[in-house]
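Here is a short briefing to read alongside your model. Keep the sequence and the 3D view open as you go.

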Amino acid sequence: MSLTISSAAFAHNAAMPSRHTCEGQDLSPPLAWSDVPAGTKSFALIVDDPDAPDPAAPRTTWVHWILYNIDAAARALPEAVDASALPPGTRAGVNDWGRIAYGGPCPPIGRHRYFHKLYALDVVLPDLRQPDKAALEQAMRGHVLAQATLIGTYQKHR
């Protein structure tokens, strides 16, 4: 058994509903996980898009959401979760829009992939003061017990 992550809103490698994107309400999708390894002290979540700006010629990985120090007892995040509803102790990082919140898919061209990466960590990380993805990955180095990935896709309709 290994760590798994899923969403009631979309299947792995399937299209994400527009309600979770800039064309809809831009709500974070519901996420659930299971098969947590023994010794897990916290979780981290990074949602990013490696296809930016154009899947035919990607130049960057765009970061949509960063959470860390998610309580080890947590097994889900509800849809449209805001800071007040996150599991106790959860901290957020800054996404590539410069916000400390979820930012949904909003691809300028083509169908992009959105990687929802959950990490089981053997520590509770120190306060990283709203880290970007690189800072969080550096802090997690050597502490990842398991990783699970859920990929959703999206292409604008307009």
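This is a predicted model: local features need pLDDT of at least 70, side-chain atom pairs count only at pLDDT 80 or more; totals for chains, interfaces and linings use all residues.

Residues are numbered from 1 along each chain as its sequence is written, and side-chain values use heavy atoms, with hydrogens and water left out. Helices (H or I, at least four residues) and strands (E, at least two) are DSSP runs, numbered from the N terminus.

**The sheet**

- Six strands form an open sheet with mixed pairing, in the order S2-S9-S8-S4-S5-S7; two strands pair if DSSP finds at least two bridges between them.
- The edges are held by strand S2 (14-15) and strand S7 (91-92), each with a single partner strand, so one side of each has no neighbour in the sheet.
- S2 and S9 run parallel and are joined by two bridges. At this pairing, Ala-14 stands opposite Gly-152 in S9.
- S8 and S9 run antiparallel, with 10 bridges between them. Opposite pairs here include Lys-117 with Thr-149 in S9, and Arg-113 with Thr-153 in S9.
- S4 and S8 also run antiparallel, and seven bridges join them. Along this pairing you can find Ser-42 opposite Leu-121 in S8, and Ile-46 opposite Lys-117 in S8.
- Is S8 mostly buried or exposed? Nine of its 10 residues are buried, so S8 is largely enclosed by the rest of the structure. Buried means under 20% relative accessible area, exposed means over 50%, and partly exposed lies in between (1.4 Å probe, protein chains only).
- If you are tracing side chains, remember that in a regular strand they alternate between the two faces of the sheet.

**The helix**

- Helix H1 spans residues 133-140, and its residues Lys-133, Leu-136 and Met-140 are buried. They cover an arc of only 65 degrees around the axis, which means that they sit on the same side of H1. The arc is that of the directions from the helix axis to the C-beta atoms.
- What do the buried residues of H1 pack against? Their partners are strand S4 (42-52), S5, strand S8 (112-121) and strand S9 (144-154).
- Just after H1, Gly-142 has a positive phi of about 85 degrees.

**The largest pocket**

- The largest pocket holds about 160 Å³ of space. Of the 14 residues that line this pocket, Trp-65, Val-81, Asp-82, Ala-101 and Tyr-102 are the closest to its centre.
- A pocket is found on a 1 Å grid over the protein atoms alone, as an open set of points where a 1.4 Å probe fits, with protein on both sides within 12 Å along at least five of seven lines; lining residues have an atom within 4 Å of a point. Grid points are joined across faces, edges and corners, and the volume is the space filled by probe spheres set on the points.
- By class, the lining of the largest pocket has 11 nonpolar, one polar and two charged residues. Ala, Val, Leu, Ile, Met, Phe, Trp, Tyr, Cys and Pro count as nonpolar, Asp, Glu, Lys and Arg as charged, and the others, Gly among them, as polar.

**Loops and backbone details**

- Which peptide bond is cis? The bond from Ala-52 to Pro-53 is, with omega near -10 degrees. Pro-53 lies in the loop between S4 and S5.
- Asp-26 is not a glycine, yet has a positive phi of about 60 degrees. Asp-26 belongs to the loop between S2 and strand S3 (31-34), and is partly exposed at 27% relative accessibility.
- Asp-35 is likewise not a glycine and has a positive phi of about 55 degrees. Asp-35 sits in the loop between S3 and S4 and is partly exposed, with a relative accessible area of 29%.
- Gln-25 lies in the loop between S2 and S3. Leaving aside neighbours within four places in sequence, Gln-25 is in contact (heavy atoms within 4.5 Å) with Ser-18 and Arg-19.

**Thr-60**

- Thr-60 lies in strand S5 (residues 60-71) and is partly exposed, with a relative accessible area of 40%.
- Beyond its neighbours within four places in sequence, Thr-60 is in contact with Asp-49, Pro-50, Asp-51 and Ala-52.
- Thr-60 and Phe-115 are 55 residues apart in sequence, and their C-alpha atoms are 14 Å apart in space.
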